[in-house]
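Please keep the sequence and the model in view while reading.

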Amino acid sequence: MPPKPRVTRQMVLDAAFALVREKGVESLSARAVAEALGCSTQPVMYNFRTVEELRDAVYQMADDFHTRFIMPSDDSAQNPLMELGLNYIRFGAQEPSLFRFLFQTGRLGGGGIDDLMRDPENAGLVGMVGEAVGCSPAQAREAFSLLFITAHGMASLLANNAMAYNQQECARILALAWAGALAGKE
């Protein structure tokens, strides 16, 4: 009799990510992942000591997926920051379960907008704002904050089915926020 195929850590992680992506983090359990893999819970718990450890790994995978999703597609974008904002909004519309997991489960941390601006991952984005509008670092942080809050609000509404996705309307609202950010720097 041939040996049963080995369930790897990556297989468990991929199945858990797919489960959270489709049904939300509430559906994540060792039993649900095992069912998706067609195995017992033993390989799931062998690869991840606890469901919380698995949840943390899925969160990191979702965060990496989100980062790739929202980044501008190429360097020729007319306004890379606007494209970033529109991609962020589109993520809320197209990946509502992942959006809620990343941003509405308390896992992001309890910091305010200032903490977000100090995050090393956002430093490049804030610098991009400064270059785009020719302003000081403080003005760039303010402009980025306004755009982030606008994009995050629309993405949250979309992820929670409180708003229907309309790309043109989202672009118009984000452009108004951008114009306001530019007007505020003068």
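In helix H6 (residues 96–103), the buried residues are Ser97, Leu98, Phe99, Phe101, Leu102 and Phe103, where buried means under 20% relative accessible area, exposed over 50% and partly exposed in between, with a 1.4 Å probe and protein chains only. H6 is thus described as mostly covered, with six of its eight residues buried, and those buried residues pack against H1, H4, H5 and H9. The model is predicted, with local features requiring pLDDT of at least 70 and side-chain atom pairs counted only at pLDDT 80 or more, while totals for chains, interfaces and linings use all residues. Residues are numbered from 1 along each chain as its sequence is written, and side-chain values use heavy atoms, with hydrogens and water left out.

**Helix packing**

- The axes of H1 and H6 come within 6 Å and cross at roughly 105°; helices here are DSSP runs (H or I, at least four residues) numbered from the N terminus, and axes are lines fitted to C-alpha atoms over the stretch in contact, with angles running from 0 to 180 degrees between N-to-C directions.
- H1 and H6 are therefore roughly perpendicular to each other, a term for angles of 65 to 115 degrees.
- On the H1 side this contact (heavy atoms within 4.5 Å) is made by Phe17, Val20, Arg21, Glu22 and Lys23, and on the H6 side by Ser97, Leu98 and Phe101.
- The residues of the contact of H1 with H6 divide into four nonpolar, one polar and three charged, with Ala, Val, Leu, Ile, Met, Phe, Trp, Tyr, Cys and Pro counted as nonpolar, Asp, Glu, Lys and Arg as charged, and the others, Gly among them, as polar.
- H1 and H4 pack at an angle of about 70°, with their axes 9 Å apart, and are therefore roughly perpendicular to each other.
- Among the residues making the contact of H1 with H4 are Val12, Leu13, Ala16 and Phe17 of H1 and Leu54, Val58, Met61 and Phe65 of H4; by class, this contact has eleven nonpolar, one polar and four charged residues.

**Aromatic residues**

- A search of the whole structure finds ten aromatic pairs, a pair being rings of Phe, Tyr or Trp (its six-membered ring) with centres within 6.5 Å, called stacked if the planes are under 30 degrees apart, edge-to-face if over 60 and tilted otherwise.
- Tyr59 and Phe101 form an edge-to-face pair, at 5.3 Å centre to centre and 80° between the planes, which links distant parts of the chain, since Tyr59 is in helix H4 (residues 51–70) and Phe101 in H6, 42 residues apart.
- Tyr59 and Phe101 are both buried.
- One aromatic cluster is formed by Tyr88, Phe99, Phe103, Phe144 and Phe148.

**Nonpolar core**

- The largest nonpolar core has 50 residues, and those with the most contacts inside it are Val33, Leu54, Val58 and Phe91; such a core is a set of buried Ala, Val, Leu, Ile, Met, Phe, Trp, Tyr and Cys residues joined through side-chain atoms within 4.5 Å.
- Not counting residues up to four places away in sequence, Val33 touches Val12, Ala15, Ala16, Leu19, Leu28, Val44 and Leu54.

**Two individual residues**

- Thr150 is found in helix H9 and, at 18% relative accessibility, counts as buried.
- Ser40 lies in the loop between H2 and helix H3 (41–47) and, at 44% relative accessibility, counts as partly exposed.

Terms used: Helix = DSSP H or I, 4+ residues; strand = E, 2+ residues; numbered from the N terminus. Parallel < 35°, antiparallel > 145°, perpendicular 65-115°, else oblique.
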